[in-house]
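Subject: Structure for your review

Dear colleague,

My findings follow directly after it.

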Amino acid sequence: MRIDMTPMVDVAFLLLIFFMTTTQFKPPEEVSVDLPMSSSEIKVPESNTITVVVTEEGKTYLQDEKGLTAEIPEGGVTDALKDARQRKPSAFIILKGDKNTKYGAMADVMDAFAEANALRFNLMTEMKTEQKPR
Amino acid sequence: MGGMDAGEGKAPAKKAGGLRHPRRRVGVRVDMTPMVDIAFLLLIFFMVTTIFRAPQAMEMNRPPKDAKVEVAESNVMIMMVDKNERIFWKFGEDPLKSVSKRDLVRHFKEHKAANDKLTVLIKLDREASYSTMVDLMDELEYAKMTRFSLIPMSEEDVEEVSEIP
């Protein structure tokens, strides 16, 4: 007895094409950060963003949508953000901090944001998988 | 094959075709196994590498710099987190009481239930980690307390906390 494999192959190819088209490879990042966990469910917008990265050592970088980064000199966050906002006035501002960064460094960056009149921004986090007791 | 035959009939000048022996029709069965193998291999590869979970975001809305919100002191719960990530809380000038990270949600919920106007003031040591801040914000979100203040500890606060063993 021969099993007709055609439907299986059809489905396999369908799935293959689906996964091929939906896969997005992570753009290579020059600075890598370990994101903190949260159970927030707001999605990070994919385009029209200004991303400020804070590494574990407290260094700040400005990251564009292609994953390219430019280091921000110390104390230059306000100016860098103002400059980036001038180019993209309606962009979402994302703050991407390493979970091991000191709070002080993050507080400074957030104060610099406020200085640049960016009072609304997103903190990028990773989805927490464990369920909380309610 | 049929198309080729028709072509020969219309253009007899093409001698090359005529020289060949008429081909017999053979039922060709292509072995599909390698193709299916590759297809499944790719399928599994893309399934494994696909990331559906895009990073999440927490939204922060800060009041303008000169905005002042007056809150009665009795409605303010002060939370303090020192550099060793120990968490303490107090009302007004009460002594600090310790609370564990695991009990935070319950702690917030209980106090919120007792006093609906409760506001939380979080004072974090500058040496505490950023993930502690995110954790605290997360717990507050769970307790549906979305309005809170977040400030670094002053030196007096650091001293006050450091006295607690």
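B:Val30 is exposed, because its relative accessible area of 63% is over 50%. This residue lies in the loop of chain B between helix 2 (15–19) and helix 3 (33–49). Together with B:Val26 and B:Val28, B:Val30 forms a nonpolar patch on the surface, and the three have about 340 Å² of accessible area together. Please bear in mind throughout that this is a predicted model.

The interface

Contact between the two chains involves 51 residues of chain A and 45 residues of chain B. Between them, chain A and chain B bury about 4,400 Å², and 63% of this area is on carbon and sulfur atoms. The polar side of the interface comprises 15 residue pairs in polar contact, both residues being at pLDDT 80 or more. On chain A, the side that touches chain B receives at least two residues from each of helix 1 (6–22), strand 1 (37–38), strand 2 (42–43), strand 6 (92–97), helix 3 (103–115) and strand 7 (120–127). Helix 3 of chain A provides the largest share of that side, with ten residues.

Three salt bridges are found across the interface of chain A and chain B. One of the salt bridges in the model joins A:Arg120 to B:Glu59, with the closest N and O atoms 3.3 Å apart.

B:Ser131, in helix 5 of chain B, deserves a separate mention. Apart from its neighbours within four places in sequence, B:Ser131 is in contact with A:Pro36 and A:Lys99. B:Ser131 counts as buried because its relative accessibility is 17%, and the limit is under 20%.

Over all chains, the structure holds ten salt bridges. Side chains of opposite charge can pair when their charged atoms come close. Several cases in chain B are described here.

B:Lys90 and B:Glu160 meet through their side chains in a salt bridge, at 3.2 Å from N to O. This pair links distant parts of the chain, since B:Lys90 is in strand 3 (residues 87–91) of chain B and B:Glu160 is in helix 6 (residues 155–162) of chain B, 70 residues apart. B:Lys90 counts as buried at 6% relative accessibility, whereas B:Glu160 is partly exposed, with a relative accessible area of 27%.

A salt bridge also forms between B:Asp135 and B:Lys101, whose closest N and O atoms are 3.3 Å apart. Here, too, distant parts of the chain are linked: B:Asp135 belongs to helix 5 (residues 130–142) of chain B, and B:Lys101 to the loop between strand 4 (97–99) and helix 4 (104–114) of chain B, 34 residues apart. B:Asp135 is buried, with a relative accessible area of 17%, while B:Lys101 counts as partly exposed at 35% relative accessibility.

In the salt bridge of B:Asp82 with B:Arg86, the closest N and O atoms are 2.9 Å apart. B:Asp82 counts as buried at 7% relative accessibility, and B:Arg86 is partly exposed, with a relative accessible area of 25%.

Backbone angles in chain B

Most residues other than glycine have a negative phi. B:Glu85 has a phi near 65°, a positive value in a residue other than glycine. B:Glu85 is placed in the loop between strand 2 (76–81) and strand 3 of chain B, and counts as partly exposed at 27% relative accessibility. B:Lys144 likewise is not a glycine and has a positive phi, of about 60°. The loop that holds B:Lys144 runs between helix 5 and strand 6 (148–152) of chain B. B:Lys144 is exposed, with a relative accessible area of 65%.

Overall make-up of chain A

Chain A contains three helices and seven strands, which follow the pattern α-β-β-β-β-β-α-β-α-β along the sequence. Of the 134 residues in chain A, 45% are buried. Among the contacts in chain A with a separation of 6 or more, 70% are between residues 24 or more positions apart. The accessible surface of chain A is about 8,100 Å², with 54% of it belonging to carbon and sulfur atoms.

With kind regards

Key:
Residues are numbered from 1 along each chain as its sequence is written. Chains are lettered from A and ligands numbered from 1 in the order in which they are written. Side-chain values use heavy atoms; hydrogens and water are left out. Patches are made of residues with over 30% relative accessible area and no salt bridge: like charges are joined within 9 Å, nonpolar side chains (Val, Leu, Ile, Met, Phe, Trp, Tyr) within 5 Å. Accessible areas come from the Shrake-Rupley method with a 1.4 Å probe; for residues, only the protein chains shown count as cover. A salt bridge is a side-chain nitrogen of Lys or Arg within 4 Å of a carboxyl oxygen of Asp or Glu. Helices (H or I, at least four residues) and strands (E, at least two) are DSSP runs, numbered from the N terminus. Buried means under 20% relative accessible area, exposed over 50%, partly exposed in between (1.4 Å probe, protein chains only). Contact means heavy atoms within 4.5 Å. Buried area is the accessible area (1.4 Å probe) that two parts lose on being put together, summed over both. A polar contact is a pair of N or O atoms within 3.5 Å; within protein, one must be able to donate a hydrogen and the other to accept it, and residues adjacent in sequence count only if both atoms are side-chain atoms.
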